[in-house]
Structure formats: structure tokens, C-alpha cells
Amino acid sequence: FISLLVYKDDIPASFVPDKTTRQFRKICRHWRAISEIITDIKIRMRWILNQHNFPGPLNITGDSARRWFLGQGHLLDTTSSFTFSQFLVSIEHLELQQLPIRRQILQFSDMPQFKDDILLFKTVPGIADIISAIIIAEVAGFNRFHDAEAIACYTGLTERTRESAGRRTQGHISSSGPETLRWALCEAALCLIRSDPTYRAIYNRIFNHSRNKGKAKVAMARKLITWLWKMHQTREP
């Protein structure tokens, strides 16, 4: 039966991006993998500081953590000092690794097939070079989607709907699309609500209704991809 459907061309083919876009995706996903390791290390370093009631650097990076450690690291106990120094070496090494990855991403971003869309999306508060590049690479063509709801479904940020005996319930998000795209949209949504009071008000309304920061962040990420789709259609910043 399946062979007959294939013979009649009744089974739609899966979308496969061109080779350049696939390579673009690979380097963007590598960036995300390194970024998540760095984030995990930062959380552990912050936990050590909180244990000792030290505020530490406002934003932990290799440079800021190194300066703090040289100035106040002697105030930590022996084990915490050793652990913090190990994390510090790791984060400095990973940040060095990110430099050539960033250069490669920017080289892809300058290609004619990506450049205009990336410049357009960078007009959104909180979306810079890397996040805009990841979104463009993972979507692989906004024109593939006939409306904003279609691209929202592709991201996997829409809720599953269950129906039984005439009763409909909403479940968790489907998580059916590219995981790296969801990550980038959530990161962009957080930056957006921190940098623009209009979108912070939208987030606050969602949070006041759900009383769940995670759900509110996901809802903002879902709204963001629909706004980006509309921007792409109208070409308005």
C-alpha cells in the first residue's frame, strides 16, 4: 500500500534545506551547545558565591569572574576556591572556543540569501547577530509558511490539544520543531521583555494570568515568531 502511494506521488516529500543552509544550521547548533555549557557553569559559580553571601560580578564572564577571583577569591573556603577556579578555567576556555564559531556564523550571515532577513530581524530589541542568525538558519525560509499560525506550529511552541468524548483540553507544547529554534526564540523573548517596556507589559499580563514564568516565557516566544513572520512579509522593521 505504501509503495502504491509513493508510486502515485501521494506522499508529500519532506523539506530538505539546501547545503549552505544545512551547514549554517550546524554551526549555529554548535554555538548553542557551547552556550548551554557556559550557562551551566555560570549557574554553578553563582551558587558558590551565594553560599558565601558574596554578590560577585553582576554578569559572570571569564574576565569579570577572573577579576573578582583575584580580588576576593581568598575569602572563599579552600574547597570552594578550588572549585571556583576550575569553573573559571573552563569558562575562559569555552569563551575562546566561541570566538571562531562566532566568526563563522557572521560569515554565513553576510551571504546574500541570509543577509537581508538578518538585518531586518536585528531591528527587534534584544535580537542581535547570533540569535537572528540562528532563527534564519533554523526556519530556512519564512516563505515556506502560509500564515503566522503555521510557523508557530513548526516551532513546537503551540499547545497540544486532546479531545475525548466531546471534551477538549490543552496540554504541554508539542516540541515538534527544531529544539535550537525554540531555544533561540526563548532567549530572544527574554531579551525583548527586558529591553522594551511595551513587550514587558505583554509578558506581565500573560504571567498574571498563568502565574508561571516558564509558561509566560514560552508564550512570548510563540508571539515573537509570529511577529517575525509578519515582519518578513511586510519587510517593515
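## A buried aspartate and its partner

At 15% relative accessibility, D117 counts as buried, where buried means under 20% relative accessible area, exposed means over 50%, and partly exposed lies in between, with a 1.4 Å probe and protein chains only. D117 and R235 meet through their side chains in a salt bridge of 2.9 Å, N to O, a salt bridge being a side-chain nitrogen of Lys or Arg within 4 Å of a carboxyl oxygen of Asp or Glu. The pair links distant parts of the chain, with D117 in helix α5 and R235 in the segment after α10, 118 residues apart; helices (H or I, at least four residues) and strands (E, at least two) are DSSP runs, numbered from the N terminus. R235, at 39% relative accessibility, counts as partly exposed.

## Basis of the model

This is a predicted model, in which local features need pLDDT of at least 70 and side-chain atom pairs count only at pLDDT 80 or more, while totals for chains, interfaces and linings use all residues. Residues are numbered from 1 along each chain as its sequence is written, and side-chain values use heavy atoms, with hydrogens and water left out.

## Other salt bridges

Side chains of opposite charge can pair when their charged atoms come close. By the rule stated above, the count comes to ten salt bridges. One of them joins D129 to R102, with the closest N and O atoms 3.3 Å apart; this pair also links distant parts of the chain, since D129 lies in helix α6 and R102 in helix α4, 27 residues apart. D129 is partly exposed at a relative accessible area of 22%, and R102 counts as partly exposed at 31% relative accessibility.

A further salt bridge is formed by the side chains of E149 and R222 (3.0 Å, N to O). E149 belongs to helix α7 and R222 to helix α10, so the pair ties together parts that are 73 residues apart in sequence. E149, at 40% relative accessibility, counts as partly exposed, as does R222 at 26%. Salt bridges that share partners also join R25, R29 and E138 into one network.

Helix α5 (residues 112–121) has F114, D117, I118, L120 and F121 as its buried residues. Seen down the axis of α5, these residues fall within an arc of 155°, so they line one face of the helix; the arc is that of the directions from the helix axis to the C-beta atoms. P112 and D116 are exposed on the other side of α5, whereas the buried residues of α5 pack against α2, α4, α6 and α10 (213–234), with contact taken as heavy atoms within 4.5 Å.

In helix α3 (residues 62–72), the buried residues are G62, S64, A65, W68 and F69. They cover an arc of only 165° around the axis, which puts them on the same side of α3. The face turned away from this buried side carries the exposed residues D63, R67 and L70, and what covers the buried residues of α3 includes α2 and α4.

S81 lies in helix α4 and is buried, with a relative accessible area of 19%. Not counting residues up to four places away in sequence, S81 touches F69, G73 and L76; of these, F69 is among the buried residues of α3.

T158 is found in the loop between α7 (148–155) and β1 (159–164) and counts as buried at 10% relative accessibility. Leaving aside neighbours within four places in sequence, T158 is in contact with E149, A152, C153, H172, I173, S174 and R222. These contacts include E149 and R222, whose side chains meet in a salt bridge.

## The largest pocket

The largest pocket has a volume of about 930 Å³. On a 1 Å grid over the protein atoms alone, where a 1.4 Å probe is used, a pocket is an open set of points with protein on both sides within 12 Å along at least five of seven lines, and lining residues have an atom within 4 Å of a point. Grid points are joined across faces, edges and corners, and the volume is the space filled by probe spheres set on the points.

Of the 26 residues that line the largest pocket, S35, I38, T39, K42 and E187 are the closest to its centre. The elements that give two or more residues to the lining are α2 (19–51), α4 (78–109), α6 (129–139) and α8 (179–195), and the largest share, eight residues, comes from α2. The lining divides into twelve nonpolar, six polar and eight charged residues, where Ala, Val, Leu, Ile, Met, Phe, Trp, Tyr, Cys and Pro count as nonpolar, Asp, Glu, Lys and Arg as charged, and the others, Gly among them, as polar.
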